[in-house]
Amino acid sequence: MTDPILRLNGVRKAFGGLVAVNDVSFDLHRGEILGLIGPNGSGKTTTMNLISGAFGMDRGTITLDGAVISGLPANRVARKGIARTFQLLRLIDDMTVTENAAVGMAFRPGQPWNAELVTRCQTYLEVVGLADKAGLEVSKLTYIDQKRLELARALAMEPKVLLLDEWLAGLNATELRSGIEIIRKVRDMGTTIIMVEHVMSAIHSLCDRCVVMNAGGKIAEGTPATVLTDPHVVEAYLGEPHHA
Ligand SMILES: Nc1ncnc2c1ncn2[C@@H]1O[C@H](COP(=O)(O)OP(=O)(O)OP(=O)(O)O)[C@@H](O)[C@H]1O
């Protein structure tokens, strides 16, 4: 097997007395979709924040393609090839769809606002199904279209690793099917993905592997079919004692 594209080794983050992420280690393999799942408050979003450099960690290391990225600020991590979407969408309402898609790129040193950048954004707007709305103001978009745009903005950074934080949350059944197809397409284009998700049908149909967290720790790792029938995982989701 090739070296992992991303490796978390003994990662820990506490907020005061609360250990949100406790000695978590896992590998992300090139080209896979990894589901990061677990009950509410188990540390998934914090783990994503540690990977993206939004938070500094207390202990452990994270490497991207063998190079240590932990300790770098978020903008440097992004430049090294990790892009993300946010649970609460971060779009600029009075700018157009294209301008929003370009925002992550346009503020990079040495990146002019030019035709190449606009073309690149157009490519990713097509991937997410928004190409025909490129000139619209964001405030005119429906919720699903805003989600599509948030993804296009991350894709325009042409990341090696894409972090999706509950990107499918709040979609109706039709939108969910379309959202799943978009994620599959992004993976098929060569992007490796970690997705935090509560929508189990999406986990089953998209994820090659899952890492399951509970109370800050990793409690299971494996295929969706394996981990979702693991009694410890079922217990963690139900919050009931395990009698095996
Ligand atoms: N900035 C912060 N300051 C203090 N505590 C925090 C902070 N961020 C997260 N926490 C706490 O850390 C724990 C893990 O939170 P986190 O958001 O990572 O969980 P999660 O698994 O993503 O949950 P959810 O599925 O509800 O989004 C929770 O107890 C949360 O209250």
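A: Asp-208 is partly exposed, having 14 other C-beta atoms within 10 Å. The terms for exposure rest on the number of other C-beta atoms, placed from the backbone, within 10 Å of a residue's own: 20 or more make the residue buried, 12 or fewer make it exposed, and a count in between makes it partly exposed. The structure is a predicted model, in which local features need pLDDT of at least 70 and side-chain atom pairs count only at pLDDT 80 or more, whereas totals for chains, interfaces and linings use all residues. Residues are numbered from 1 along each chain as its sequence is written.

Asp-208 belongs to the loop between helix 7 and strand 9 (209–214). Helices (H or I, at least four residues) and strands (E, at least two) are DSSP runs, numbered from the N terminus. When neighbours within four places in sequence are set aside, Asp-208 is in contact with Glu-32, Ile-33 and Leu-34; contact here means that the C-beta atoms of two residues, placed from the backbone, lie within 7 Å. Glu-181 lies 27 residues from Asp-208 along the chain, and their C-alpha atoms are separated by 15 Å.

Helix 6 runs over residues 173–188, 16 residues in total, and spans 23 Å from its first C-alpha to its last, close to the 22 Å expected at 1.5 Å a residue. The expected span is 1.5 Å times one less than the number of residues in the helix. Which residues of helix 6 are buried? They are Gly-179, Ile-182, Ile-183 and Val-186. Viewed down the axis of helix 6, these buried residues fall within an arc of 95°, so they line one face of the helix; the arc is that of the directions from the helix axis to the C-beta atoms. On the other side of helix 6, the exposed residues are Ala-173, Thr-174 and Asp-188.

The backbone on either side of helix 6 also deserves attention. Gly-190 follows helix 6 and has a positive phi, near 110°. Glu-166 lies in the loop between strand 7 and helix 6, and its phi is near 50°, a positive value in a residue other than glycine. Most residues other than glycine have a negative phi. Glu-166 counts as partly exposed, with 19 C-beta neighbours inside 10 Å. Asp-65 likewise is not a glycine and has a positive phi, of about 50°. Asp-65 occupies the loop between strand 4 (59–64) and strand 5 (67–68) and is partly exposed, with 15 other C-beta atoms within 10 Å.

Glu-150 and Ala-78 are 72 residues apart in sequence and 15 Å apart in space, C-alpha to C-alpha. Ala-78 is in helix 2 (residues 74–80) and, leaving aside its neighbours within four places in sequence, is in contact with Ala-83 and Met-157.

Just after helix 1, Gly-53 has a positive phi of about 85°.

As for the overall arrangement, the chain is divided into domain 1 (1–81 + 159–176 + 193–244) and domain 2 (89–154), with bounds from an automatic or database domain assignment. Their C-alpha centres lie 26 Å apart, and six residues of domain 1 are in contact with five residues of domain 2.
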